[in-house]
Amino acid sequence: MNERALRVLEYQKIISMLEDKAASSIGKEMVKELKPSSEYEIVKTMQQETNEAMNVLLKRGTPPLGGVRDINNQLRRAKIGAVLSPKGLIYTADLLRAARRVKSFISNDKGDKRSHYQLIESLIEQLHEYKDIEDSIYNAIISEEEISDNASNKLRSLRRKIELKKQSIRSKLSSIINSTQNKKYLQDSLVTMRNDRFVVPVKQEYRSQFGGMIHDQSSSGATLFVEPMVIVNMNNELNKLKLDEEEEIKRILSELSAMVSEIVDQLHKNMKILAKIDFIFAKGHLAIDMDGVNPKLNKDGYVSMKKARHPLIDKKEVVPIDIYVGKEFTSLVITGPNTGGKTVTLKTIGLMTLMAQAGLHLPVASGSTINVFEDVFADIGDEQSIEQSLSTFSAHMTNIIDILKHVKHNCLVLFDELGAGTDPVEGAALAISILEHLNKRDIRTVATTHYSELKLYALSNDKVQNAAVEFNVETLSPTYKLLIGVAGKSNAFEISKRLGLPDFIIDGAKGQISGENIQFEDILSDIEKDRVKALKNREESQMLKEEVRQLKEELINQKEKITKIKRDAQKNAKVEARKILAEAKEEAESIIKGIQKISTDIEKEHRKKLQESKDKLKTKIDKINSQLTEDVLNVPNYKPPKSLSIGDTVKVVNLNQIGTVIELPDESGNVLVQVGIMKVKINLSNLQLAKNEENKDIVKSTKKFIKSKTRGVKMNIDIRGKTIEEAMLDVDKYLDDAYISNLGMVTIIHGKGTGALRQGIRQLLKSHKHVKTYKQGAFSEGGTGVTVVELN
């Protein structure tokens with residue numbers, strides 16, 4: 001890409017803004033090296049990277065890139081087997097941790113599982129994790145200058161010994177300096193260090209009386225720092241321990257460095273990938289700050305920027321412009337007064353193109369499209385050179401010659417004030433010739449000018465289009481809006497008149513201009529007036545359309561309100577009718593309940609009297625039966641057995657059944673007897689030792705009874721539609737029958753409904769004597785609508 005274009009279009013300022021967004025030094029270095037690409041696929045990939053990063057930032061936040069540093073020096077040292085410093089090892093562990101955290105950041109986000117970030121994820125998948133090495137380094141090294149006691153058991157032991165030795169020395173010295181005999185020899189009662197050995201300050205005049213090794217003296221010479229002889233050996237032992245400590249630290253650092261040396265290549269790859277990730281997310285941050293949009297890319301030479309804002313102007317102040325070139329026309333000639341925004345428009349086109357081809361999002365509206373140019377050339381600004389004795393015109397022309405020499409088909413060329421700085425007639429002729437040459441080669445060109453000849457050239461050429469920067473003559477201020485299809489005016493006469501220049505001078509100036517030029521400028525003025533009028537009419541038309549739309553909405557709303565009122569009235573009438581009907585129904589039900597209550601009371605009284613009659617009849621029948629037993633049937637009296645043994649066969653008199661004694665009588669004389677499949681407690685007074693013939697007859701009748709009961713019992717009972725009381729009675733009887741029938745498993749069908757019937761039945765099952773367990777039915781059995789019961 002043309003270096004001069006990058007400079008005059010202020011591309012480097014965008015790079016500086018991007019550099020501020022990078023989190024690491026190696027990420028910043030990648031930003032500095034960023035240049036626009038002319039390869040369509042590369043630009044497309046870079047734009048996709050930025051788009052993915054922006055989406056990640058908006059959905060998940062900033063990735064954890066702390067600890068990403070340039071550790072190339074440490075890696076080179078590790079590769080040749082050198083021992084790394086604690087600082088180098090910490091930086092290496094930081095890089096490993098950053099790789100692990102970034103990997104986790106992308107893979108473990110639960111709030112954004114459906115999103116897929118193809119390019120970023122493919123980079124992150126290449127990161128290597130070595131948690132064991134990372135933990136070993138962090139466990140051994142506390143900071144860039146401190147090794148942890150946890151680095152090894154030996155180091156911990158040595159440091160403990162060093163502390164104990166120091167305490168012993170201090171204790172010994174404390175006894176020396178606090179001694180009454182030694183106080184007169186000492187300058188101060190304190191212990192200090194010289195040459196890494198403990199010493200005390202001794203007065204110069206007592207050096208012979210106070211034995212020891214002199215290590216230093218004060219600047220005045222009045223104080224000598226003496227190591228007492230009694231602690232010389234102790235200090236020697238302390239120094240030996242410190243040397244051992246240093247050796248152990250070297251061993252630990254050597255061991256950790258060896259671990260790093262085994263993964264140098266992987267660490268180098270991690271560093272490059274993390275730098276690239278940091279660089280990509282810096283682009284994402286810049287896109288968010290600029291309200292950037294991912295532009296559509298094309299290879300057709302078409303540029304269309306909607307609501308484009310120059311990225312170096314405060315977005316609160318910048319005026320968005322719409323600009324397009326390359327489809328209906330290949331060249332655009334922008335005219336208008338000075339300070340009207342022509343150069344800013346030119347720089348906006350150029351800088352936006354460079355940014356897009358560098359993979360950066362653009363501060364434009366959605367739907368903007370950018371062609372991927374092979375190169376961008378720009379002749380903008382005053383390139384006057386004193387050293388080369390070049391005038392402004394010469395400097396511009398030198399640059400234009402260089403552009404024409406190197407420009408190719410798929411290039412963008414930008415000219416600011418083309419042909420300016422020399423005779424207007426010759427300058428205009430040169431400008432037209434240059435534009436015509438580029439136009440014939442189908443090269444996309446945008447030029448600014450004040451020359452009327454270029455406006456006429458644009459009007460007479462289908463591939464060239466006029467454009468103007470709008471200027472408000474009334475306020476003498478530019479609006480900075482770009483109007484494509486309209487030729488601009490310099491407005492020199494109008495501006496001068498508004499500023500107070502006398503009319504006769506303005507009229508004299510007009511007289512110096514040819515009639516054709518005046519007529520042309522008047523036509524441009526009329527076109528501008530017509531444009532303003534048309535714009536005003538369009539705005540009024542839009543306002544009328546908006547009013548019509550609002551009136552239409554109001555009518556629709558009024559119609560909906562009327563419809564709603566009618567609907568509500570009908571609804572209220574229906575509600576009132578239902579209310580009257582409900583009251584009548586409620587009153588009728590109340591009357592019916594009263595009648596039913598009276599009927600129930602009569603029925604209860606009838607049942608009471610009927611029961612009394614039944615009881616009287618039963619008493620008479622029992623009495624007659626008793627008489628028949630004693631008198632008519634002449635049933636012989638029996639005596640209860642005096643002694644029973646387990647296994648004796650007995651007759652249960654009141655049941656007329658034969659059973660077997662399985663438990664002897666208790667204190668109340670009750671005996672546990674097995675009668676058929678039932679175990680019953682029966683008093684001795686109701687038992688009689690059985691005879692063999694009676695035993696056979698009763699067993700036969702019992703078997704017949706059980707067989708008849710078993711034949712009629714089903715494997716399930718359906719109680720749906722019954723009340724809880726009815727159901728409980730039916731289930732209780734059914735369980736007795738099932739138990740007698742020796743059924744192991746039965747099913748109670750109660751349905752789902754509100755669950756009240758199910759709860760009632762399960763309360764019964766909890767305490768029922770025949771129930772062993774119960775559970776909810778499987779899905780194939782009916783689920784919650786059935787309960788499966790296992791019997792004892």
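**Note on the predicted model**

1. Strand E17 and strand E21, the latter spanning residues 687–689, pair in the antiparallel sense over 3 bridges. Within this pairing, Val650 stands opposite Leu689 in E21. The model under discussion is a predicted one.

2. Strand E17, which covers residues 649–652, also pairs with strand E18, residues 657–663. This pairing is likewise in the antiparallel sense, and it runs over 4 bridges. Here Thr649 stands opposite Thr660 in E18. E17 and E18 form a hairpin with 4 residues between the strands. In that hairpin, Asn656 takes a positive phi near 55°.

3. The chain as a whole should be kept in view when such details are read. It contains 22 helices and 25 strands. Of its 792 residues, 39% count as buried. Among contacts in the chain with a separation of 6 or more, 68% are accounted for by residues 24 or more positions apart.

4. The largest nonpolar core has 95 residues. The residues with the most contacts inside this core are Leu9, Ile120, Ile141, Leu274, Ile277, Met305 and Leu332. Helix H12, residues 264–289, gives the most to this core, with 12 residues. There is also a second, separate core of 23 residues, which includes Phe393, Leu438, Tyr457 and Ala458.

5. The next point concerns a pair of helices. Two packed helices are described by the angle between their axes and the distance between the axes. Helix H6 (residues 86–107) and helix H8 (residues 131–140) pack at an angle of about 140°, with their axes 9 Å apart. H6 is therefore oblique to H8. The crossing in which H6 passes H8 is left-handed.

6. Which residues make the contact between H6 and H8? On the side of H6, the contact is made by Leu89, Ile90, Ala93, Asp94, Leu96, Arg97 and Arg100. On the side of H8, it is made by Lys131, Ile133, Glu134, Ile137 and Tyr138. The student may wish to locate these residues in the structure above.

Definitions and conventions. Residues are numbered from 1 along each chain as its sequence is written. This is a predicted model: local features need pLDDT of at least 70, side-chain atom pairs count only at pLDDT 80 or more; totals for chains, interfaces and linings use all residues. Side-chain values use heavy atoms; hydrogens and water are left out. A nonpolar core is a set of buried Ala, Val, Leu, Ile, Met, Phe, Trp, Tyr and Cys residues joined through side-chain atoms within 4.5 Å. Buried means under 20% relative accessible area, exposed over 50%, partly exposed in between (1.4 Å probe, protein chains only). Helices (H or I, at least four residues) and strands (E, at least two) are DSSP runs, numbered from the N terminus. Two strands pair if DSSP finds at least two bridges between them. Axes are lines fitted to C-alpha atoms, for helices over the stretch in contact, and angles run from 0 to 180 degrees between N-to-C directions. Angles under 35 degrees count as roughly parallel, over 145 as roughly antiparallel, 65 to 115 as roughly perpendicular and the rest as oblique. A crossing is left-handed if the near helix is turned anticlockwise from the far one by less than a right angle, and right-handed if clockwise. Contact means heavy atoms within 4.5 Å.
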